[in-house]
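This briefing concerns a predicted model.

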Amino acid sequence: MLSHGGHLSADWRGPFLRVDRARFIPDRIWVRGDDGYTPLDRAADPDRWEHLAYADEALVTQVEDPPDAEVARTPSSSASMPRIVARMLAALRAEDGHRVLEIGAGTGYNAALLAARLGDEQVTSVEVDAELAERARASLETAGYAPAVVTGDGAEGWVARAPYDRLIATCSVHDVPRAWIEQTKPGGIIVLPWGTTLRNGVLLQLTVEHCPDGPVASGRVVDDAAFMWMRAQAPPRDVMAIARAGGETHDSHTGLDPHVLGNDDAWFAVGVLVPGCQWATGQGPDGAWTLWLADAGTGSWASVDYEPDAVEYDVQQHGPRRLWAEVEAAHAWWADAGRPARTQFGLTVTPAGQQVWLNGRGNALPV
């Protein structure tokens with residue numbers, strides 16, 4: 001039996017007890033190892049499969065690599081950690097009678113929980129992958145639930161059953177689709193994982209309001225939630241390929257320890273203030289390592305070489321953007337602002353665009 005500690009409200013405890021997660025886990029899952037993801041088949045190791053099916057862990061259920069690959073490196077769908085599922089559903093604040101649109105059916109487990117709480121007819125789930133959508137329908141039917149699972153581009157929502165009281169996304173986005181806001185009733189809530197190319201991993205709770213120029217959605221960061229990107233918004237994967245292109249460099253030194261990006265709050269703020277920037281690391285001997293930054297749009301890259309006990313670190317930067325200099329400026333802004341926690345930030349999305357703010361909608365970040 002799954003245990004969710006204090007994450008479950010009374011309204012959700014019943015659905016979590018009734019909906020069997022294992023019914024929604026495919027017979028083949030992929031387990032992360034040192035070199036990538038290796039397949040685990042239920043028939044080959046039923047005890048381990050069952051343990052993982054009921055564990056509070058995220059499970060990779062689909063990869064983009066060839067089906068016969070011994071090691072996969074590119075997961076494309078997963079069953080979320082039950083604890084995160086529970087926290088997201090709590091943030092949704094669904095009530096009896098509410099109509100809910102889910103973006104990303106995945107295994108169908110989340111749709112089953114929604115259906116168990118609100119009723120089949122109140123739940124619509126959109127899945128871009130036709131194979132996953134069909135598998136979710138089959139799993140839901142076997143488990144005794146029948147919400148509408150439709151195949152389509154989640155960025156477009158599902159206008160045929162709009163408007164919705166609540167919308168929940170199970171994929172990360174950076175640009176919040178207008179369709180989500182337009183298909184949600186005024187006063188309705190949208191819960192979505194949101195990220196930047198530097199840090200994918202916060203949960204937003206937005207409230208929709210009617211405005212003369214079109215509906216607006218606004219709200220704060222309420223939790224952490226790292227999900228796979230909506231496929232149309234996924235950033236380029238190979239940061240190192242940009243750096244390997246080489247080119248003339250601007251060489252300097254920095255007193256800012258690259259470990260600062262290990263601070264989740266600083267990392268979030270820097271990601272907002274340095275758009276389009278991605279990162280990777282390379283390990284060296286005796287505790288040395290290199291932070292790599294890259295911007296696929298301009299071909300710019302930077303490297304910072306960390307050495308234990310050093311007070312300054314070598315920096316190389318290439319391209320029209322000085323990425324490390326931008327990171328330094330962003331970190332200084334965050335420090336001057338009092339080192340705010342990521343839950344002090346929020347997002348407002350209008351027909352004209354979106355703005356990240358700190359401690360209220362009137363305090364937009366300088367981007």
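The second largest pocket has a lining of 16 residues, and those that lie nearest its centre are His 174, Asp 175, Trp 194, Thr 196 and Pro 275. The space in this pocket of the predicted model comes to about 280 Å³.

**Second largest pocket**

- Strand β18 (353-358) and helix α8 (264-273) each contribute at least two residues to the lining of the second largest pocket, and β18, with three residues, provides the largest share.

**Helix α4 against α3**

- Helix α3 (residues 82-92) packs with helix α4 (residues 109-118) at an angle of about 45°, and their axes are 12 Å apart.
- The two helices, α3 and α4, are therefore oblique to each other, and α3 passes α4 in a crossing that is right-handed.
- On the α3 side the contact is made by Val 85, Leu 89 and Leu 92, while on the α4 side it is made by Asn 110, Leu 113 and Leu 114; five of the residues in this contact are nonpolar, one is polar and none is charged.

**Helix α4 against α1**

- Helix α1 (residues 10-18) packs with α4 at an angle of about 125°, the axes of the pair being 9 Å apart, and that angle makes α1 oblique to α4.
- The crossing of α1 and α4 is right-handed.
- From α1, the residues Asp 11, Trp 12, Pro 15, Phe 16 and Arg 18 meet Tyr 109, Leu 113, Leu 114, Ala 116 and Arg 117 of α4; the residues of this contact comprise seven that are nonpolar and three that are charged, with no polar residue.

**Backbone features**

- Most residues other than glycine have a negative phi, and most peptide bonds are trans.
- Arg 93, a residue other than glycine, has a positive phi, with a value near 55°, and is placed in the loop between α3 and β5 (100-103).
- The peptide bond that joins Ala 162 and Pro 163 is cis, with an omega of about 5°, and Pro 163 is found in the loop between β7 (148-151) and β8 (164-169).

Methods: Residues are numbered from 1 along each chain as its sequence is written. This is a predicted model: local features need pLDDT of at least 70, side-chain atom pairs count only at pLDDT 80 or more; totals for chains, interfaces and linings use all residues. Side-chain values use heavy atoms; hydrogens and water are left out. Axes are lines fitted to C-alpha atoms, for helices over the stretch in contact, and angles run from 0 to 180 degrees between N-to-C directions. Helices (H or I, at least four residues) and strands (E, at least two) are DSSP runs, numbered from the N terminus. Angles under 35 degrees count as roughly parallel, over 145 as roughly antiparallel, 65 to 115 as roughly perpendicular and the rest as oblique. A crossing is left-handed if the near helix is turned anticlockwise from the far one by less than a right angle, and right-handed if clockwise. Contact means heavy atoms within 4.5 Å. Ala, Val, Leu, Ile, Met, Phe, Trp, Tyr, Cys and Pro count as nonpolar, Asp, Glu, Lys and Arg as charged, and the others, Gly among them, as polar. On a 1 Å grid over the protein atoms alone, a cavity is a set of points where a 1.4 Å probe fits but cannot get out, and a pocket is an open set with protein on both sides within 12 Å along at least five of seven lines; lining residues have an atom within 4 Å of a point. Grid points are joined across faces, edges and corners, and a volume is the space filled by probe spheres set on the points.
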